[in-house]
Amino acid sequence: RDRISASRYIGYSKIVDGVVRPLWGELRLPDDEKGLTQLVKDFADAQRKLLSDEDARRRAGKKRKTIRPATYNERVKTVRHFFSWLYDNHHIDQIPRRVPTLLSKYKVTSSAKALDTDLIHALWREADDELKCYMALALNCGHYAVDIATLKQDDLQDGYIVTDRNKTGVPVRFKLWGVTQTLLERCANGNGTGLMFETDDGEALVTYDVEKNSRRSTIDLKLLSIRKKVGITGVSFSHFRDTSTTHIESIDRRYTDI
């Protein structure tokens, strides 16, 4: 808990409690490489059986539980990290030779999709200045909600956002549009915390409760309220980020990182 982010800790906890423990909870850790390999193989096979593409998911409806490739990858990654922990802490003498292969990621095709401009305009018209500011940062800078929640006042430098990406730690420098700068000047309300934004209670816009394995996002809640008012479904805040990324990748995928 001290070494990793709260969101990663919650992710591990949900997978362990909901997936790994029901399968392995009553088992003893095998003391030989073959037994460990079989344990992992059974786990990977069980998760692979749950995989389905979108067509299969629609056909199955609620009759059969299925998971997306990205969910599969999160589950095998968690178990892969667990085996690294077992080895690092001398609970096993070596990581079985087949484990990296058995727990390899499923190749995922990007599902990022640009939002329709009219839809963005419909949400924008109903949004208050705070939500407009968050939307602008997502569209302008490719920010997720957590990126906005962790922005610091010092990250704003002469018309640019200069910081490290929350997810990857990669240094980034975004030139701000005029509308984004205007909204930032109007809405940035960090007071004493060093953050660009905070709630009325003085907390970060995105918070985590590791005891309850929960995440609370003021940004997502504000969007949900407007969505209900406009009658729009199927739009999460990350779609604004996907919109800018998708348009850039349609020109040249290599430019996304730039």
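Visitor: Before anything else, what does "partly exposed" mean here?
Guide: Buried means under 20% relative accessible area, exposed means over 50%, and partly exposed is in between. The model is a predicted one.

Visitor: Fine. Is Tyr255 buried, exposed or partly exposed?
Guide: Tyr255 has a relative accessible area of 42%, so it is partly exposed. Tyr255 sits in the segment after helix H11 (238-251).

Visitor: Which residues make a nonpolar surface patch with Tyr255?
Guide: Ile248 and Ile251 make it together with Tyr255, and the patch has about 310 Å².

Visitor: Now the inside. Which residues touch the most other members of the largest nonpolar core?
Guide: Phe197, Phe237 and Phe240 do, in a core of 36 residues. Elements giving two or more residues to this core include helix H6 (117-126), helix H7 (129-141), strand E3 (171-175) and helix H10 (218-230). The largest share is that of H7, with 9 residues.

Visitor: What does Phe197 touch?
Guide: Leaving aside residues up to four places away in sequence, its contacts include Cys133, Tyr134 and Leu137, along with Ile148, Leu184 and Leu205. Another core lies apart from this one; it has 20 residues, among them Val20, Trp24, Tyr72 and Ile92.

Visitor: How far apart are the end C-alpha atoms of H4?
Guide: They are 28 Å apart. Helix H4 has 20 residues (69-88), and at 1.5 Å a residue it should span 28 Å, so the two values agree.

Visitor: What follows H4?
Guide: His90 follows, and its phi is positive, near 65°. For context, most residues other than glycine have a negative phi.

Visitor: Where is Asp158, and what is its phi?
Guide: Asp158 is in the loop between strand E1 (156-157) and strand E2 (160-164). Its phi is positive, about 50°, and Asp158 is not a glycine.

Visitor: And what about Asn213?
Guide: Asn213 has a positive phi near 55°, and it lies in the loop between strand E4 (206-209) and strand E5 (214-217).

Note on methods:
Residues numbered from 1 in each chain as written. Predicted model: local features only at pLDDT ≥ 70, side-chain atom pairs only at ≥ 80, totals over all residues. Heavy atoms only, no water. Patch = residues over 30% accessible without salt bridge, like charges linked within 9 Å, V, L, I, M, F, W, Y side chains within 5 Å. Areas by Shrake-Rupley, 256 points an atom, 1.4 Å probe, with all protein chains shown as cover. Salt bridge = Lys/Arg side-chain N within 4 Å of Asp/Glu carboxyl O. Helix = DSSP H or I, 4+ residues; strand = E, 2+ residues; numbered from the N terminus. Buried < 20%, exposed > 50% of the residue type's maximum accessible area, 1.4 Å probe, protein only. Expected span 1.5 Å × (residues − 1). Core = buried A, V, L, I, M, F, W, Y, C linked by side-chain atoms within 4.5 Å. Contact = heavy atoms within 4.5 Å.
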